[in-house]
Amino acid sequence: MALPAGVSACSMCVELMTSTTWVDYSDHLSVIDPPVQTRPTGEAYVFGEDTAVIGVGKRGPMDVNVRGVWVAGSTTASGFYTVYQEFTAACGDMVALRWGPMGCTSGQDVFYTSTTKSEVTSLTFPGGDAGSADIIMFEFVVHTPDVTHATVA
Amino acid sequence: MKSEQRPIYRVLHTVVLSSDRQIYLPGAIVDLSHLSPEARRQFVAKGLFETADGEPANIPANEPLPCKNCP
């Protein structure tokens, strides 16, 4: 079997949706931690066997951690303020996330969180260190029941 | 003048159309006129779409009506 053509995140794209329109925030967002979905299992043992009896449950919800560059100005063109606006809405509001490891152009694979239930459960505000030259970042977590694969056509 | 037939396809696997950035689930009927014929052929070959442009097999509404006075 030939070696796979591995890819880096060099061409990755990230889009957010807060209502019905997907908006490209690739210029503001930097990192998407690989999200993990788990399926719970149960186990029991019987006297007559040496191994476990295994049961499987339903897939649990997922957290998608995202980091981005904080940009001044309370406009929706800023990734931070877009998320902030939804996060601070009474009882929360939806921020769906869609990303394409090799970009969002035709033919590429993309993954997206639920477009009906994707809640921001954590928002890290911009902070700073007087002795640091690091770029000021922000971070948020999207809690979603599932991540779906699609192809851009 | 005969109007040009639009390339109408049925979605077989979840797609995002680059024309409007929206997500379409399997079963949706979409217009792929933003794609070249070659790109449409490749996506069909990959199993993302099937043609729905008047082919009777793909459009239940086009199934033949029960015949009257059948021989």
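Which element of chain A has the lowest mean pLDDT, and which the highest? In this predicted model, helix α1(A) has the lowest mean pLDDT (93) and strand β4 (residues 41-44) of chain A the highest (98); pLDDT is the predictor's confidence in each residue, from 0 to 100. Local features need pLDDT of at least 70, side-chain atom pairs count only at pLDDT 80 or more, and totals for chains, interfaces and linings use all residues. Residues are numbered from 1 along each chain as its sequence is written, and chains are lettered from A and ligands numbered from 1 in the order in which they are written.

**Confidence**
- Chain A has a mean pLDDT of 94, and 99% of its residues reach 70 or more.

**Helix α1(A)**
- Helices (H or I, at least four residues) and strands (E, at least two) are DSSP runs, numbered from the N terminus.
- In α1 (residues 79-87) of chain A, the buried residues are G79(A), F80(A), T82(A), V83(A) and E86(A); buried means that 20 or more other C-beta atoms lie within 10 Å of a residue's own, with C-beta atoms placed from the backbone.
- Viewed down the axis of α1(A), its buried residues fall within an arc of 165°, so they line one face of the helix; the arc is that of the directions from the helix axis to the C-beta atoms.
- These buried residues pack against strands of chain A, including β1 (13-17) and β3 (29-32).

**Chains A and B**
- Twelve residues of chain A are in contact (C-beta atoms, placed from the backbone, within 7 Å) with twelve residues of chain B.
- β11(A) gives the most to the side of chain A that touches chain B, with five residues.
- T151(A) stands opposite V15(B) in β2(B).

Definitions and conventions. Contact = placed C-beta atoms within 7 Å. Pairing = 2+ DSSP bridges. Buried ≥ 20, exposed ≤ 12 C-beta atoms within 10 Å, placed from the backbone.
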